[in-house]
Amino acid sequence: MGILLNKESRIMVQGITGKEGSFHATTGIEYGTNVVAGVTPGKGGQKFNDTVPIFNTVSEAKEATNPNVSLIFVPPAFAPDAICEAASNEIPLIICITEGIPVNDMVGTIRYVQSKPVRLIGPNCPGAINPTDRCKVGIMPGAIHKPGNVGVVSRSGTLTYEAVHQLTSLGIGQSSCVGIGGDPIIGTNYIDILNLYEDDPDTDIIVFIGEIGGTMEQEAAEHIKHNINKPVCSLIVGATAPAGKRMGHAGAIITGSTATAASKVAALKDAGCHIIPTPADIGDVVAKVLSHN
Amino acid sequence: MKLHEYQTKQIFRNYQLNVPNSVLITEPKELDHALATIGEKCVLKCQVHAGGRGKAGGVKLVSTLTEAKAYVSDMLMSNLVTHQTDDAGVPVTSILVEELTDIKTELYLAITLDRNNQCPTILASKAGGMEIEEVAESNPDDIIYENINPSVGLQPFQIRNLITKLEIPKDSSSEFSYLINALVKMFYDIDASLLEINPLVITNDLKVIALDGKVNIEDDAMFRHNDLLTLRDRSQEDQLEAEATDLGIAYVNLSGNVGCLVNGAGLAMATLDVTNQAGASPANFLDVGGGADIEKVAKAVSIILSDPKVTKVLVNIFGGILRCDIAADGIVSAYERTKSQLPLVVRMLGTNVDEGQQILKTSGLNVTFAETLSEAALAISTLQDN
């Protein structure tokens, strides 16, 4: 089964004619994803790759193709508008890949999204994938994934691929993988994804990857302690980051003692998580926990 | 992007907020004129992008021209080391000459993002002059928060809360209310990520004055603030970091000797962590980004190679959007341009990995290949320096 995406997922790509949008719409389709529509204002009536109809508005795309997932590749200045357009049309799952949206724009956008019956993942995220149902909604390389029973959740892109690669190399497959995004304001937090994995019959073990900045990992740890019964293997990166410097992600900055890697690892240990000591040990720790279950 | 105190105060003036009269000097010979305008009894404040300035001797009360001259000749064009800088410190390229302010009460006031509540928040405390991090550690209950809901904006009752809790005198409250509303407007207008006044002062004649001012502007919003770009002071930035910023590369200078080239922020942090754990010491964080082309990779590698403390280079590329052959071409190109002989450990995975490795193998560069992250970390820690 997996989480968020399945065989019934019908994907609409906002920004499908842009460089990134067209590239990843194509790799998604090649992977097996059901891309039913594209949206690019001013290009309505055309077809993407001679097959996917393009519309000027989400409203028209919804009317004609009934998508239930939107994947957004719109540049930062226009992405909040694209998110609101998808939310206004009540597309149940909105995944925004765009990096670099000004925080002050997201403050209002997130309130609007929360007022609608939709879920936003991202922005500044790699998206989500369900290898069993061959549904890839994001920028991850599909080929490294393998169907299985490990649910992966992380903030970042390439580090998630690293985790998946280590698992697949050991023959361990994934039920789903989700990157929730590296920005300070994001639509879906770790707790939401942990709950989905807890309820997913195909997920037996969870890999939870966090990083420095904010306190989202501590809140997740508190939640794991009381509400998550499946084993959680956790890794925090950024132990060597200096305070006050932004480590690539807008949110990855140490601004106080709680934002450090050590504080987060301590909280996860206290919550009973299996601590992954270094980023090179993700596969090994999961294999060990699986063999004991 | 950080602003200096004098720049922040100029913006405060544009919003009709009270700040002390001042003159900025960048050369010792401008001091006479400045003192003639401000008075010989004044405060000299070094303009640097670093906190802890006062404790480090960056602020000086003087009462004669001779005293002022001695201080300026000591400080101007020297480096100021504070607890927030490295051992080299940051250069003092200008000094603000400011009139004395008659202080009754000192307060702390700031606006910044509250990540948990997903909105900007006002932070205030009666412990003006203290660093807010210290207050948060020792007396967290002394900090007052008022969240700004984006749907309705800051409400008057929230300002009344601040006035009550900060014990603002009745005759200062209308100036205080004006200040809060103006600061909130300014926060949005310039896309600040931090706006801080420490201390905010109430004078004996009950005026509300911003005695200091600190602003960080959000980097992701700079695309709509071309007017503010001229306020950037590169002298305050690490020179390699400034170069990387210009190229759109996420780069942080660290203290070790292993230059690191990685794609993706999370993987870059992970690469630093494993390198460290293997006993080697990273010279930098570098995320070249997903959509990089050969030229951007080459420039990123050139920044690494131009860092004098780098003796060896670790490359960790997970090819997705960024193909391994593009990364390899960029690396080779940078080595050719800089004529560098530094050895590399290369770990590549994903799209076009065979082509990428082939390019490096035939390049004549001193490359050791690694399959996994742990192999790469081990290889770089045991690799002989050049």
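What share of the contacts in chain B with a separation of 6 or more comes from residues 24 or more positions apart? The figure is 68%. Two residues are in contact if their C-beta atoms, placed from the backbone, lie within 7 Å.

A word on the model. It is predicted: local features need pLDDT of at least 70, side-chain atom pairs count only at pLDDT 80 or more, and totals for chains, interfaces and linings use all residues. Residues are numbered from 1 along each chain as its sequence is written, while chains are lettered from A and ligands numbered from 1 in the order in which they are written.

Let's stay with chain B. Its C-alpha atoms fill a box of roughly 75 × 55 × 40 Å along the principal axes. Chain B has 12 helices and 19 strands. Those are DSSP runs, numbered from the N terminus: helices are H or I, at least four residues, and strands are E, at least two. Of its 386 residues, 42% are buried. Buried means that 20 or more other C-beta atoms lie within 10 Å of the residue's own, again placed from the backbone.

Domains next. Chain B is assigned domain 1 (21–99), domain 2 (103–231) and domain 3 (238–382). Such bounds come from an automatic or database assignment. The centres of domain 1 and domain 3 of chain B, taken over C-alpha atoms, are 41 Å apart.

Now one helix, H9 of chain B, residues 294–305. Its buried residues include B:Val297, B:Ala300 and B:Ile304. What covers them? Among the covering elements of chain B are helix H7 (239–247), strand E17 (312–319) and helix H10 (324–338).

Over to chain A, and strand E2, residues 35–39. Why call E2(A) largely enclosed by the rest of the structure? Because 4 of its 5 residues are buried. E2(A) runs parallel to strand E1 (residues 11–14) of chain A, joined by 4 bridges. Strands pair if DSSP finds at least two bridges between them. Between E1(A) and E2(A) the chain passes through helix H1 (residues 19–31) of chain A, in a right-handed β-α-β crossover. Right-handed means that, with the strands pointing away from the viewer, the path from the first strand over the helix to the second runs clockwise. E2(A) also runs parallel to strand E4 (residues 52–55) of chain A, with 2 bridges. There, A:Gly38 partners A:Ile54.

Last, the two chains together. 45 residues of chain A touch 46 residues of chain B. On the chain A side, H4(A) gives the largest share, 6 residues.

Note on methods: Expected span 1.5 Å × (residues − 1). Buried ≥ 20, exposed ≤ 12 C-beta atoms within 10 Å, placed from the backbone.
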